[in-house]
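Let's take a walk through this one, loops first, then metal, then the core. Have the model open and follow along.

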Amino acid sequence: MDSTHIEQYVLSRISSRRYAHCLSTAIEMQRLIQRFSPDYQDLEGAYIAGIWHDIAREWNDSFLLQYCLKHAIIMESEEYRHPMLLHGAVAAHLLSVRLASVPETWKSAIRWHTIGSPAMGILGAILYIADYMEPLRTHLEEGERDTLLQCDTLEQICLSVVHRHLLHLESKGKTHAVSTMDLLDFLEQGGVFV
Ligand SMILES: [Fe+2]
Ligand SMILES: [Fe+2]
């Protein structure tokens, strides 16, 4: 399946509005790579991860949970409590079903785009950030994109997005996932994505 077929497949599975977000995320990922990781070579992976990441976002909680149970997908406790969060884990599994020999970097990136993890790698960090700040996002405050883009490193901008994510959860009275806090610790201790 080449990227054109992947685009068509995703478009047939999600609403056109969600597809626009996925496409915008994929394009934002290319920009972020140029800005923060110019040596990163896998632009195809970045494009496919962006297009694919929300393919299961419109599934209901019951479908997501059943899919994970059926395929023995390991869930974080926060994902089990709020199955909507499982759309990342399900999307990663679906890609490995549709495509032969999917690189682990693509799967990890898609798997962790919802709650973040130190295990998400460079590609995952790029996806996590792009998902938050792609230009179609309506939650961004004026100037927020520019502020984020002034960060010096991929890890700094990722830390800023984690802080914003945690503030958002706090404002909604929601709890955070353990892997999100692991990511926070990783970045605060100077961790570097590989
Ligand atoms: Fe998502
Ligand atoms: Fe998304």
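Where is the place of A72? Look in the loop between α4 (61–70) and α5 (77–81). Keep in mind that what you're looking at is a predicted model. The backbone does something to notice at this spot: phi of A72 is near 55°, a positive value in a residue other than glycine. A72 is also exposed, with a relative accessible area of 65%.

There's a second case of this kind. S101 has a phi near 45°, again positive in a residue that isn't glycine. You'll find S101 in the loop between α6 (87–98) and α7 (104–111), and with a relative accessible area of 72% S101 counts as exposed, since the cut-off is over 50%.

Now for the metal. The iron ion (ligand 1) is held by D54 (OD), H87 (NE2) and H113 (NE2), at 2.1 Å. Along the chain, the donors of this ion are spaced as D-x32-H-x25-H. D54 sits in the loop between α3 (43–52) and α4, while H87 belongs to helix α6, so the pair ties together parts 33 residues apart in sequence. D54 also bridges the iron ion (ligand 1) and the iron ion (ligand 2), which are 3.6 Å apart. Both D54 and H87 are buried.

Finally, the core. The largest nonpolar core has 65 residues, and W52, I157 and C158 touch the most other members. Helix α8 (residues 121–133) gives the most to this core, with nine residues. Zoom in on W52: leaving aside residues up to four places away in sequence, W52 touches I6, Y9, V10, A91, L94, L95, R98 and I110.

How values were computed: Residues numbered from 1 in each chain as written. Chains lettered and ligands numbered in written order. Predicted model: local features only at pLDDT ≥ 70, side-chain atom pairs only at ≥ 80, totals over all residues. Heavy atoms only, no water. Core = buried A, V, L, I, M, F, W, Y, C linked by side-chain atoms within 4.5 Å. Buried < 20%, exposed > 50% of the residue type's maximum accessible area, 1.4 Å probe, protein only. Helix = DSSP H or I, 4+ residues; strand = E, 2+ residues; numbered from the N terminus. Contact = heavy atoms within 4.5 Å. Donors = N, O, S within 2.8 Å, 3.2 Å for Na, K, Ca; no water.
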